[in-house]
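Please open the structure in your viewer and keep the selection tool at hand.

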Amino acid sequence: MMKKRIQIILRGIFKENPAFVLLLGMCPTLATTSSAINGLSMGLATTFTLMLSNLTISLISKLIPNKVRIPSYIIIIASFVTVIDLLMAGFLPDIHSQLGIFIPLITVNCIVFARAESFASKNGALDSISDGLGIGLGFTLALTALGFVRELLGAYSIFGYKLNGITFLESLPSDGIIIFILAPGAFIALAYLIVLFNMLKNKLIKNN
Amino acid sequence: MAKESSFKNMVITLLVITLISSALLGGVYELTKDAIAAVKIRKINNGISNVLPAFDNNPSENVHKKFIDGDTVYVYTATKDEKIVGSAVQTFTNTGYGGKIVMMVGFLTNGEINKIDVISHSETPGLGDKIEPKKTDFNVQFNGKNPKDYKLAIRKEGGDVDAMSGSTVSSKAFCDAVARAYKVFREDIMKDQGKWDDVSGATQQKK
């Protein structure tokens, strides 16, 4: 049983990575990753929502009549997201003001809803939590990696620490390649990361 | 398998789920209410202390609100040892390149601009975002100027402000926000403090 759950978690991170493989939740992926720390916080907030909503939905899905299951899921997900939103506003105000509108928008993140509908409503509680954790960590990994690359190229800094002495190429702008902080840079960086991720993933799968 | 989708079942299910959700949200709201209020006050006080000399009162307790051009301008008056040190005016403009810009402008009692801080904006990174005080000197040129004899418009339009190169729209929006702050400050605050005559000929004309 333990082995199966670890497999579920790993599947969420690699084989079915929501941002790099399933290409779900692209809106927050592109919009909140202007720095690594923003990507990380957004990913963790989503992970938390996924675990809670997966757990709750797996527990009560048998009690919900089929025709009202979608409104029920939406209420459950929206409630958890609001809880997280309020907690962050109170206790992590800096990150909260950075992520802004994208915290309440986790409600309509299709990853959360897809996991509720396709996994949690058909599986047991522990499997569903594992699935939420795996998918959430996969999403966090993707967002952090994307934020890391964009921050590094766009602002020459790593997790907020400015790198000094980037002078190896005279033709580079002195305080960052701005396009990587802007929206087009998100698409460019994401495309290369998807290629890289899938190359690595295929290699790993072949070796096993 | 799931319960039968009869009308009664559906109504009861949704009712129970919404009841539990609202109870949960109510609980969390109560739990975080004080923390969120404290964060808000801290943010405003930080904004005020960024643009005014040291003060020892709690300016967010005594706010003057003025509805102008479709939004609200807030004036926080700071005192030290019961003496007014200046007013921080939270002002805005809707003409930024990326839309709305919210700023805090600190005025000393004689109307002189002490410092300006940008609270929120959506200007282009690398161009218009140079309105932020930590990024360039554009913002700093306002410090110590009194709008009474310092025209809040860019040079191209006959004012006294050096625009940022490549960001004329943001520069103009910035001036617009400061001018709005000054207008409210002059008309509502300086008048109350009896400084109206020093600043403008308006009262003299009335006499």
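**Before starting**

This is a predicted model, in which local features need pLDDT of at least 70 and side-chain atom pairs count only at pLDDT 80 or more, while totals for chains, interfaces and linings use all residues. Residues are numbered from 1 along each chain as its sequence is written, and chains are lettered from A and ligands numbered from 1 in the order in which they are written.

**Stop 1: the whole of chain A**

Chain A has eight helices and two strands; here helices (H or I, at least four residues) and strands (E, at least two) are DSSP runs, numbered from the N terminus. Followed from the N terminus, the elements of chain A come in the order α-α-α-α-α-α-α-β-β-α. The C-alpha trace of chain A spans about 65 × 45 × 25 Å along its principal axes.

How does the radius of gyration of chain A agree with that of a compact globule? For 208 residues a compact globule would have a value near 17 Å, and chain A has 18 Å, which agrees. The radius is taken over C-alpha atoms, and the globule rule is 2.2 Å times the number of residues to the power 0.38.

Of the 208 residues of chain A, 45% count as buried. A residue is buried if 20 or more other C-beta atoms lie within 10 Å of its own, exposed if 12 or fewer, and partly exposed in between, with C-beta atoms placed from the backbone.

**Stop 2**

Select residues 36–60 of chain A, which form helix H3. At 1.5 Å a residue, its 25 residues should span 36 Å, and its end C-alpha atoms are 36 Å apart, which agrees. The expected span is 1.5 Å times one less than the number of residues. H3(A) is mostly covered, with 19 of its 25 residues buried.

Next select residues 183–207, helix H8 of chain A. Gly185(A), Ala186(A), Ala189(A) and Leu190(A) are buried in H8(A). The buried residues of H8(A) pack against helix H2 (26–31) and helix H7 (125–155) of chain A.

**Stop 3: two loop residues of chain A**

Select Ser34(A), in the loop between H2 and H3 of chain A. Is Ser34(A) buried or exposed? Ser34(A) counts as buried because it has 23 C-beta neighbours inside 10 Å. Residues up to four places away in sequence aside, Ser34(A) touches Gly147(A), Arg150(A) and Ile181(A); two residues are in contact if their C-beta atoms, placed from the backbone, lie within 7 Å.

Then select Tyr156(A), in the loop between H7 and strand S1 (157–158) of chain A. Tyr156(A) has a positive phi of about 50° although it is not a glycine. With 19 C-beta neighbours inside 10 Å, Tyr156(A) counts as partly exposed.

**Stop 4: where the chains meet**

Now display both chains. The contact takes 23 residues from chain A and 21 residues from chain B. Helix H4 (residues 69–91) of chain A gives the most to the side of chain A that touches chain B, with 12 residues.

**Stop 5: the sheet of chain B**

Select the strands of chain B. Five strands form an open sheet in the order S1-S2-S3-S4-S5, with antiparallel pairing; two strands pair if DSSP finds at least two bridges between them. Strand S1 (63–68) and strand S5 (113–120) of chain B stand at the edges, each with a single partner strand, so one side of each is left without a neighbour in the sheet.

S1(B) and strand S2 (residues 71–80) of chain B pair over six bridges, and Val73(B) in S2(B) is the bridge partner of Lys66(B). Seven bridges join S2(B) to S3(B). S2(B) and S3(B) form a hairpin with two residues between them, and Asp81(B) in the turn has a positive phi of about 50°. S3(B) and S4(B) pair over nine bridges and likewise form a hairpin with two residues between them. In S3(B), 10 of the 14 residues are buried.

Finally, select Asp69(B), in the loop between S1 and S2 of chain B. Asp69(B) counts as exposed, with 12 C-beta neighbours inside 10 Å.
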